[in-house]
Amino acid sequence: MSGTGTVAVIGAGVMGETLLSGLVRGGYDPGSLLVVEKRRERAAELAERYGVRVVADLAEVAGSDTVALVVKPQDMGSVLAEIAPHVVPGQLVVSLAAGITTAYVEGRLPAGVPVVRVMPNTPALVDEGMAAISPGSHCDEEHLARAEAMLAATGRVVRVPEKQQDAVTAISGSGPAYLFFVVESMIEAGVHLGLPRSTATELVVQTLVGSAKMLRETGEHPTVLRERVTSPGGTTAAAIRQLEDHKVRAAFIGAMEAARDRSVALAASDD
Ligand SMILES: NC(=O)C1=CN([C@@H]2O[C@H](COP(=O)(O)OP(=O)(O)OC[C@H]3O[C@@H](n4cnc5c(N)ncnc54)[C@H](O)[C@@H]3O)[C@@H](O)[C@H]2O)C=CC1
Ligand SMILES: O=C(O)[C@@H]1CCC=N1
(Lines give C-alpha, C1' and ligand atoms only; values in the text may rest on other atoms or scores of the structure.)
(Ligands and ions follow the chains in the order given, each with its own letter.)
Protein backbone atom coordinates (compact mmCIF):
# COMPACT_ATOMS: atom_id res chain seq x y z
CA MET A 1 0.00 0.00 0.00
CA SER A 2 1.39 3.39 -0.91
CA GLY A 3 2.80 5.56 1.85
CA THR A 4 2.73 2.91 4.54
CA GLY A 5 5.42 0.55 3.26
CA THR A 6 6.12 -3.02 4.30
CA VAL A 7 4.94 -4.47 7.61
CA ALA A 8 6.33 -7.44 9.55
CA VAL A 9 3.87 -8.89 12.06
CA ILE A 10 5.58 -10.87 14.83
CA GLY A 11 3.18 -13.35 16.47
CA ALA A 12 0.17 -14.60 14.54
CA GLY A 13 -2.15 -15.65 17.33
CA VAL A 14 -5.58 -14.12 17.92
CA MET A 15 -4.51 -10.48 17.71
CA GLY A 16 -1.75 -10.97 15.12
CA GLU A 17 -4.24 -12.56 12.72
CA THR A 18 -6.79 -9.86 13.52
CA LEU A 19 -4.26 -7.18 12.54
CA LEU A 20 -3.12 -9.09 9.49
CA SER A 21 -6.65 -9.64 8.20
CA GLY A 22 -7.47 -5.96 8.73
CA LEU A 23 -4.40 -4.91 6.77
CA VAL A 24 -5.30 -7.23 3.89
CA ARG A 25 -8.93 -6.02 3.83
CA GLY A 26 -7.67 -2.44 4.16
CA GLY A 27 -5.82 -2.75 0.87
CA TYR A 28 -2.30 -3.73 1.91
CA ASP A 29 -0.70 -5.83 -0.79
CA PRO A 30 -0.06 -9.29 0.73
CA GLY A 31 3.39 -9.03 -0.86
CA SER A 32 4.16 -6.10 1.45
CA LEU A 33 3.33 -8.15 4.56
CA LEU A 34 5.59 -10.60 6.37
CA VAL A 35 4.49 -12.73 9.31
CA VAL A 36 6.88 -14.24 11.84
CA GLU A 37 5.23 -17.13 13.66
CA LYS A 38 7.01 -19.91 15.50
CA ARG A 39 4.15 -22.47 15.40
CA ARG A 40 4.59 -24.33 12.10
CA GLU A 41 0.98 -25.38 11.54
CA ARG A 42 -0.30 -21.94 12.33
CA ALA A 43 2.26 -20.43 9.94
CA ALA A 44 1.11 -22.71 7.10
CA GLU A 45 -2.55 -21.87 7.80
CA LEU A 46 -1.92 -18.12 7.58
CA ALA A 47 0.23 -18.34 4.47
CA GLU A 48 -2.60 -20.23 2.79
CA ARG A 49 -5.39 -17.96 4.08
CA TYR A 50 -3.82 -14.55 3.32
CA GLY A 51 -1.22 -15.28 0.66
CA VAL A 52 1.48 -13.71 2.82
CA ARG A 53 5.00 -14.94 3.46
CA VAL A 54 5.27 -16.56 6.88
CA VAL A 55 8.66 -17.34 8.42
CA ALA A 56 9.91 -18.55 11.80
CA ASP A 57 13.17 -16.59 11.90
CA LEU A 58 12.91 -13.25 13.71
CA ALA A 59 16.02 -11.98 11.88
CA GLU A 60 13.83 -11.61 8.79
CA VAL A 61 12.26 -8.43 10.17
CA ALA A 62 15.38 -6.63 8.94
CA GLY A 63 14.32 -4.19 6.22
CA SER A 64 10.58 -4.05 6.98
CA ASP A 65 9.42 -0.43 7.29
CA THR A 66 7.20 -1.28 10.27
CA VAL A 67 7.59 -4.12 12.76
CA ALA A 68 4.44 -4.99 14.73
CA LEU A 69 5.01 -6.90 17.97
CA VAL A 70 1.97 -9.08 18.69
CA VAL A 71 3.34 -11.69 21.10
CA LYS A 72 2.30 -12.18 24.72
CA PRO A 73 3.80 -9.63 27.14
CA GLN A 74 5.69 -12.53 28.75
CA ASP A 75 7.44 -13.30 25.42
CA MET A 76 8.32 -9.70 24.67
CA GLY A 77 11.76 -9.72 26.38
CA SER A 78 13.05 -12.70 24.41
CA VAL A 79 11.57 -11.48 21.11
CA LEU A 80 13.14 -8.02 21.56
CA ALA A 81 16.51 -9.61 22.38
CA GLU A 82 16.33 -11.60 19.13
CA ILE A 83 15.25 -8.76 16.85
CA ALA A 84 17.50 -6.07 18.37
CA PRO A 85 20.51 -6.85 16.13
CA HIS A 86 18.26 -6.57 13.04
CA VAL A 87 16.35 -3.36 13.80
CA VAL A 88 17.57 0.13 12.93
CA PRO A 89 16.22 3.64 13.70
CA GLY A 90 14.83 3.95 10.14
CA GLN A 91 12.21 1.33 11.03
CA LEU A 92 9.12 1.87 13.16
CA VAL A 93 8.34 -0.64 15.93
CA VAL A 94 4.70 -0.88 16.98
CA SER A 95 3.88 -2.87 20.11
CA LEU A 96 0.36 -4.21 20.64
CA ALA A 97 1.12 -5.98 23.94
CA ALA A 98 -0.83 -5.20 27.09
CA GLY A 99 1.20 -3.55 29.80
CA ILE A 100 4.46 -3.24 27.86
CA THR A 101 5.68 0.37 27.93
CA THR A 102 7.47 2.15 25.10
CA ALA A 103 10.41 2.63 27.53
CA TYR A 104 10.59 -1.17 28.00
CA VAL A 105 10.74 -1.70 24.22
CA GLU A 106 13.13 1.22 23.57
CA GLY A 107 15.48 -0.01 26.30
CA ARG A 108 15.87 -3.36 24.53
CA LEU A 109 16.42 -2.01 20.98
CA PRO A 110 19.22 0.07 19.45
CA ALA A 111 19.16 3.74 20.54
CA GLY A 112 16.83 5.94 18.55
CA VAL A 113 14.42 3.28 17.23
CA PRO A 114 10.93 4.86 17.20
CA VAL A 115 8.29 2.90 19.12
CA VAL A 116 4.51 3.30 19.20
CA ARG A 117 2.41 1.54 21.84
CA VAL A 118 -1.01 0.37 20.70
CA MET A 119 -3.95 -1.15 22.53
CA PRO A 120 -6.21 -2.75 19.91
CA ASN A 121 -9.23 -5.01 20.38
CA THR A 122 -10.68 -8.04 18.61
CA PRO A 123 -13.66 -6.33 16.87
CA ALA A 124 -10.90 -5.26 14.46
CA LEU A 125 -11.67 -8.61 12.84
CA VAL A 126 -14.91 -7.08 11.51
CA ASP A 127 -13.47 -3.59 10.88
CA GLU A 128 -15.01 -2.25 14.11
CA GLY A 129 -11.83 -2.23 16.15
CA MET A 130 -10.94 0.41 18.72
CA ALA A 131 -7.23 1.13 18.94
CA ALA A 132 -5.50 3.67 21.16
CA ILE A 133 -1.96 4.70 20.21
CA SER A 134 0.79 6.49 22.14
CA PRO A 135 4.20 7.67 20.93
CA GLY A 136 7.48 6.65 22.56
CA SER A 137 10.33 9.07 23.07
CA HIS A 138 11.87 8.77 19.57
CA CYS A 139 8.61 9.13 17.63
CA ASP A 140 7.77 12.04 15.41
CA GLU A 141 4.44 12.91 13.79
CA GLU A 142 5.23 10.82 10.71
CA HIS A 143 5.74 7.69 12.84
CA LEU A 144 2.51 8.24 14.74
CA ALA A 145 0.61 8.92 11.51
CA ARG A 146 2.01 5.71 10.01
CA ALA A 147 0.85 3.66 13.00
CA GLU A 148 -2.50 5.45 12.87
CA ALA A 149 -2.93 4.64 9.15
CA MET A 150 -2.08 1.00 9.80
CA LEU A 151 -4.60 0.65 12.64
CA ALA A 152 -7.24 2.63 10.74
CA ALA A 153 -7.45 -0.39 8.42
CA THR A 154 -9.08 -2.22 11.35
CA GLY A 155 -11.48 0.39 12.77
CA ARG A 156 -11.22 3.54 14.86
CA VAL A 157 -8.01 4.97 16.26
CA VAL A 158 -7.47 7.51 19.04
CA ARG A 159 -4.26 9.06 20.31
CA VAL A 160 -3.80 8.96 24.10
CA PRO A 161 -0.97 9.86 26.47
CA GLU A 162 0.87 6.65 27.36
CA LYS A 163 -0.03 6.98 31.03
CA GLN A 164 -3.66 6.28 30.03
CA GLN A 165 -2.86 3.01 28.25
CA ASP A 166 -3.41 0.74 31.27
CA ALA A 167 -6.91 2.18 31.71
CA VAL A 168 -7.54 1.90 27.95
CA THR A 169 -6.51 -1.77 28.13
CA ALA A 170 -9.04 -2.33 30.92
CA ILE A 171 -11.82 -0.65 28.94
CA SER A 172 -11.54 -1.31 25.20
CA GLY A 173 -8.74 -3.92 25.09
CA SER A 174 -10.49 -6.37 27.42
CA GLY A 175 -13.93 -4.79 26.90
CA PRO A 176 -15.22 -7.18 24.22
CA ALA A 177 -14.84 -10.02 26.75
CA TYR A 178 -17.07 -8.23 29.31
CA LEU A 179 -19.74 -7.68 26.69
CA PHE A 180 -19.54 -11.30 25.50
CA PHE A 181 -19.89 -12.31 29.15
CA VAL A 182 -23.05 -10.19 29.45
CA VAL A 183 -24.35 -11.78 26.24
CA GLU A 184 -23.62 -15.29 27.55
CA SER A 185 -25.39 -14.45 30.80
CA MET A 186 -28.47 -13.05 29.03
CA ILE A 187 -28.69 -16.11 26.77
CA GLU A 188 -28.53 -18.39 29.82
CA ALA A 189 -31.28 -16.30 31.41
CA GLY A 190 -33.41 -16.66 28.28
CA VAL A 191 -32.98 -20.45 28.38
CA HIS A 192 -33.85 -20.37 32.09
CA LEU A 193 -37.04 -18.50 31.18
CA GLY A 194 -37.97 -21.28 28.75
CA LEU A 195 -36.82 -19.93 25.37
CA PRO A 196 -35.03 -22.21 22.90
CA ARG A 197 -31.29 -21.42 22.98
CA SER A 198 -31.29 -20.38 19.31
CA THR A 199 -34.15 -17.93 19.90
CA ALA A 200 -32.50 -16.53 23.03
CA THR A 201 -29.22 -16.08 21.14
CA GLU A 202 -30.84 -14.22 18.24
CA LEU A 203 -32.77 -11.95 20.62
CA VAL A 204 -29.71 -11.09 22.69
CA VAL A 205 -27.28 -10.55 19.80
CA GLN A 206 -29.65 -8.28 17.87
CA THR A 207 -30.46 -6.38 21.08
CA LEU A 208 -26.75 -5.76 21.62
CA VAL A 209 -26.14 -4.69 18.01
CA GLY A 210 -29.22 -2.44 18.02
CA SER A 211 -28.31 -0.85 21.35
CA ALA A 212 -24.72 -0.22 20.18
CA LYS A 213 -26.03 1.38 16.99
CA MET A 214 -28.39 3.61 19.00
CA LEU A 215 -25.51 4.76 21.20
CA ARG A 216 -23.43 5.67 18.17
CA GLU A 217 -26.14 7.14 15.95
CA THR A 218 -28.17 9.13 18.49
CA GLY A 219 -25.18 10.37 20.48
CA GLU A 220 -27.47 10.29 23.53
CA HIS A 221 -26.11 9.56 26.99
CA PRO A 222 -26.61 5.87 27.93
CA THR A 223 -28.57 6.93 31.00
CA VAL A 224 -31.09 8.74 28.78
CA LEU A 225 -31.41 5.72 26.51
CA ARG A 226 -31.86 3.41 29.52
CA GLU A 227 -34.48 5.68 31.06
CA ARG A 228 -36.47 5.58 27.81
CA VAL A 229 -36.72 1.81 28.14
CA THR A 230 -37.67 1.98 31.81
CA SER A 231 -41.42 2.50 32.23
CA PRO A 232 -42.51 3.49 35.75
CA GLY A 233 -43.43 0.37 37.67
CA GLY A 234 -42.60 -1.75 34.61
CA THR A 235 -40.48 -4.75 33.70
CA THR A 236 -37.19 -2.94 33.13
CA ALA A 237 -37.37 -1.17 36.49
CA ALA A 238 -37.84 -4.57 38.15
CA ALA A 239 -34.78 -5.94 36.33
CA ILE A 240 -32.52 -2.92 36.99
CA ARG A 241 -33.47 -3.08 40.68
CA GLN A 242 -32.04 -6.63 40.74
CA LEU A 243 -28.83 -5.51 39.01
CA GLU A 244 -28.42 -2.68 41.54
CA ASP A 245 -29.12 -5.05 44.46
CA HIS A 246 -26.36 -7.32 43.14
CA LYS A 247 -24.02 -4.33 42.86
CA VAL A 248 -23.33 -4.93 39.16
CA ARG A 249 -22.10 -1.36 38.65
CA ALA A 250 -19.57 -1.73 41.49
CA ALA A 251 -18.57 -5.12 40.08
CA PHE A 252 -17.76 -3.51 36.70
CA ILE A 253 -15.64 -0.84 38.38
CA GLY A 254 -13.82 -3.50 40.41
CA ALA A 255 -13.30 -5.66 37.32
CA MET A 256 -11.77 -2.82 35.33
CA GLU A 257 -9.56 -1.76 38.23
CA ALA A 258 -8.28 -5.36 38.34
CA ALA A 259 -7.62 -5.30 34.57
CA ARG A 260 -5.80 -1.96 34.89
CA ASP A 261 -3.67 -3.30 37.76
CA ARG A 262 -2.85 -6.44 35.78
CA SER A 263 -1.78 -4.30 32.82
CA VAL A 264 0.56 -2.34 35.10
CA ALA A 265 2.00 -5.60 36.48
CA LEU A 266 2.50 -7.34 33.11
CA ALA A 267 5.66 -5.50 32.04
CA ALA A 268 7.40 -6.74 35.16
CA SER A 269 6.05 -10.29 35.22
CA ASP A 270 7.30 -13.56 33.77
CA ASP A 271 4.09 -15.56 34.38
N1 LIG B 1 -6.46 -11.12 22.30
C2 LIG B 1 -6.87 -9.87 22.52
O3 LIG B 1 -8.08 -9.55 22.61
C4 LIG B 1 -5.86 -8.78 22.65
C5 LIG B 1 -4.51 -9.04 22.73
N6 LIG B 1 -3.61 -8.00 22.85
C7 LIG B 1 -2.19 -8.27 22.95
O8 LIG B 1 -1.78 -8.97 21.80
C9 LIG B 1 -0.68 -9.82 22.15
C10 LIG B 1 -0.94 -11.21 21.60
O11 LIG B 1 -2.11 -11.72 22.22
P12 LIG B 1 -2.90 -12.93 21.56
O13 LIG B 1 -2.88 -12.80 20.09
O14 LIG B 1 -4.18 -13.02 22.27
O15 LIG B 1 -1.93 -14.16 21.99
P16 LIG B 1 -1.71 -15.53 21.24
O17 LIG B 1 -1.06 -16.45 22.23
O18 LIG B 1 -2.97 -15.96 20.57
O19 LIG B 1 -0.65 -15.18 20.09
C20 LIG B 1 0.72 -14.98 20.30
C21 LIG B 1 1.45 -15.60 19.12
O22 LIG B 1 2.83 -15.26 19.20
C23 LIG B 1 3.57 -16.39 18.75
N24 LIG B 1 4.96 -16.27 19.23
C25 LIG B 1 5.38 -16.29 20.52
N26 LIG B 1 6.73 -16.16 20.55
C27 LIG B 1 7.14 -16.05 19.26
C28 LIG B 1 8.41 -15.91 18.65
N29 LIG B 1 9.53 -15.88 19.37
N30 LIG B 1 8.47 -15.83 17.30
C31 LIG B 1 7.33 -15.90 16.55
N32 LIG B 1 6.09 -16.03 17.08
C33 LIG B 1 6.01 -16.12 18.42
C34 LIG B 1 2.83 -17.57 19.34
O35 LIG B 1 3.16 -18.79 18.70
C36 LIG B 1 1.39 -17.13 19.11
O37 LIG B 1 0.89 -17.58 17.86
C38 LIG B 1 -0.55 -9.80 23.67
O39 LIG B 1 0.57 -9.04 24.02
C40 LIG B 1 -1.84 -9.16 24.14
O41 LIG B 1 -1.64 -8.38 25.30
C42 LIG B 1 -4.02 -6.70 22.88
C43 LIG B 1 -5.34 -6.39 22.81
C44 LIG B 1 -6.37 -7.39 22.70
O1 LIG C 1 -6.29 -10.28 28.33
C2 LIG C 1 -5.28 -9.73 27.89
O3 LIG C 1 -4.24 -9.65 28.57
C4 LIG C 1 -5.31 -9.10 26.51
C5 LIG C 1 -5.04 -7.64 26.57
C6 LIG C 1 -6.35 -6.97 26.30
C7 LIG C 1 -7.22 -8.05 25.87
N8 LIG C 1 -6.63 -9.19 25.95
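Ala12 counts as buried because it has 26 C-beta neighbours inside 10 Å; a residue is called buried if 20 or more other C-beta atoms lie within 10 Å of its own, exposed if 12 or fewer, and partly exposed in between, with C-beta atoms placed from the backbone. This is a predicted model, in which local features need pLDDT of at least 70 and side-chain atom pairs count only at pLDDT 80 or more, while totals for chains, interfaces and linings use all residues. Residues are numbered from 1 along each chain as its sequence is written, and chains are lettered from A and ligands numbered from 1 in the order in which they are written.

Ala12 is found in the loop between strand E1 (7-10) and helix H1, where helices (H or I, at least four residues) and strands (E, at least two) are DSSP runs numbered from the N terminus. Leaving aside residues up to four places away in sequence, Ala12 touches Glu17, Leu20, Val35, Glu37, Arg42 and Leu46, two residues being in contact if their C-beta atoms, placed from the backbone, lie within 7 Å. Gly13 is also placed in the loop between E1 and H1, but Gly13 counts as partly exposed because it has 13 C-beta neighbours inside 10 Å. An unreviewed UniProt entry places the feature "binding site" at Ile10, Gly11, Ala12, Gly13, Val14 and Met15; UniProt positions are given in the numbering used here, feature names are shortened, and annotations may be inferred rather than shown by experiment.

Not counting residues up to four places away in sequence, Val35 touches Val9, Ala12, Leu20, Leu46, Val52 and Val54. In soluble globular proteins, nonpolar side chains tend to be buried together.

The end C-alpha atoms of residues 162-264 lie 12 Å apart, and the span is 83% helix and 0% strand. Leu179 lies in helix H7 (residues 175-192) and counts as exposed because it has 12 C-beta neighbours inside 10 Å. Leu179 and Leu208 are 29 residues apart in sequence and 8.9 Å apart in space, C-alpha to C-alpha.

Helix H8 (residues 197-218) has 22 residues and reaches 31 Å from its first C-alpha to its last, close to the 32 Å expected, that expectation being 1.5 Å times one less than the number of residues. H8 is hardly covered, with a count of one buried residue among its 22 residues, and just after H8, Gly219 takes a positive phi of about 70°. H10 is likewise hardly covered, the count of buried residues among its eleven residues being zero.

Two residues other than glycine deserve a look at their backbone angles. Lys247, in the loop between helix H10 (235-245) and helix H11 (248-266), has a positive phi near 55°, and Lys247 counts as exposed because it has 11 C-beta neighbours inside 10 Å. Asp127, in the loop between strand E6 (115-119) and strand E7 (129-135), has a positive phi near 65°. Most residues other than glycine have a negative phi.

In the protein chain as a whole there are eleven helices and eight strands, and buried residues make up 34% of its 271 residues.
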